[in-house]
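These are my notebook entries on a single chain. I record what I looked up, in the order in which I looked.

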Amino acid sequence: MVHNSLNGGVERWFAPVEQPIGDGATLHALLDVGRAVADRQVPGKDWFVEVHQFRIEAVAGAPGYPTPEGVHHDGVDLVLIGMVARTNLLGGETLITNNAGGELARFTLQDRLDTAFIDDARVMHGVTPVQPADPGAASCRDVLVITWKRA
């Protein structure tokens, strides 16, 4: 299986999650839900869990690319993508495909806590580019991505 080993060649660095977010009830609830799904899928395993906050910005004439590598696997067991905020944004459709690239689902995470839970071994995922709805205003897409991988 080919997976997204280096984000399509785009190096990404992440600031630490701020303590109020890390200690927050919302993140803990998402971690609990994900752990329950992971444990149900593969009982009796320890999990390596990563949490990343992504902000994709776009301006008129320069779209933002949430997945510059295109549709991909992350090389983990499960992926949770949770919408935090969409600001002045068009685009950003989530695509789910089978391993041959056949489209299985297409949807937009629109509202806060709209969530996609992906079995990374079985399907691939990606997000279409975003652009500002109002070209004169700031535009961004903020998501929280949590992954579970068997330890």
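What percentage of the 151 residues of the chain count as buried? I find that 37% of them do, where buried means under 20% relative accessible area, exposed over 50%, and partly exposed in between (1.4 Å probe, protein chains only).

**Basis of the entries.** I am working with a predicted model, in which local features need pLDDT of at least 70 and side-chain atom pairs count only at pLDDT 80 or more, while totals for chains, interfaces and linings use all residues. Residues are numbered from 1 along each chain as its sequence is written, and side-chain values use heavy atoms, with hydrogens and water left out.

**Overall dimensions.** Along the principal axes, the C-alpha atoms fill a box of roughly 50 × 40 × 25 Å. The chain exposes about 8,700 Å², of which carbon and sulfur atoms supply 54%; such areas come from the Shrake-Rupley method with a 1.4 Å probe, and for residues only the protein chains shown count as cover.

**Secondary structure.** I note two helices and nine strands, in the pattern α-α-β-β-β-β-β-β-β-β-β along the sequence. Helices (H or I, at least four residues) and strands (E, at least two) are DSSP runs numbered from the N terminus. I also looked up contacts, meaning heavy atoms within 4.5 Å. Among contacts between residues at least 6 apart in sequence, 82% join residues at least 24 apart.

**The four-stranded sheet.** I find an open sheet in the order β1-β9-β2-β6, with antiparallel pairing; two strands pair if DSSP finds at least two bridges between them. Strands β1 (47-57) and β6 stand at the edges, each pairing on one side only. Neighbouring strands are turned by 15° against each other on average, direction ignored. Axes here are lines fitted to C-alpha atoms, for helices over the stretch in contact, and angles run from 0 to 180 degrees between N-to-C directions. Between β2 and β9 I record nine bridges, and Thr87 has Cys140 of β9 as its bridge partner. Helix α2 (residues 25-41) lies across β1, β2, β6 and β9, at about 40° to β9.

**The nonpolar cores.** I looked up cores as sets of buried Ala, Val, Leu, Ile, Met, Phe, Trp, Tyr and Cys residues joined through side-chain atoms within 4.5 Å. The largest has twelve residues, including Phe54, Val76, Met83, Ile96, Leu109 and Val145. β2 (78-87), β6 (115-119) and β9 (140-150) each supply at least two residues, and β2 gives the most, with three. Apart from this core lies another of ten residues, among them Trp47, Leu78, Ile146 and Trp148. Val76 touches Asp120, Ala121, Thr147, Trp148 and Lys149, residues up to four places away in sequence not being counted.

**The three-stranded sheet.** Which order do the strands of the open sheet of three take? I read β5-β4-β7, with antiparallel pairing. β5 and β7 are at the edges with a single partner strand each, so one side of each is left without a neighbour in the sheet. Strands β4 (residues 93-97) and β5 (residues 103-108) are joined by five bridges, with Thr94 opposite Phe107 and Glu93 opposite Thr108. These two strands form a hairpin with five residues between them, and Gly101 in the turn has a positive phi of about 95°. β4 pairs with β7 (residues 124-127) over four bridges, and Ile96 stands opposite His125. Four of the five residues of β4 are buried, so this strand is largely enclosed by the rest of the structure.

**Ala105.** Glu93 is twelve residues from Ala105 in sequence and 9.9 Å away in space, C-alpha to C-alpha.
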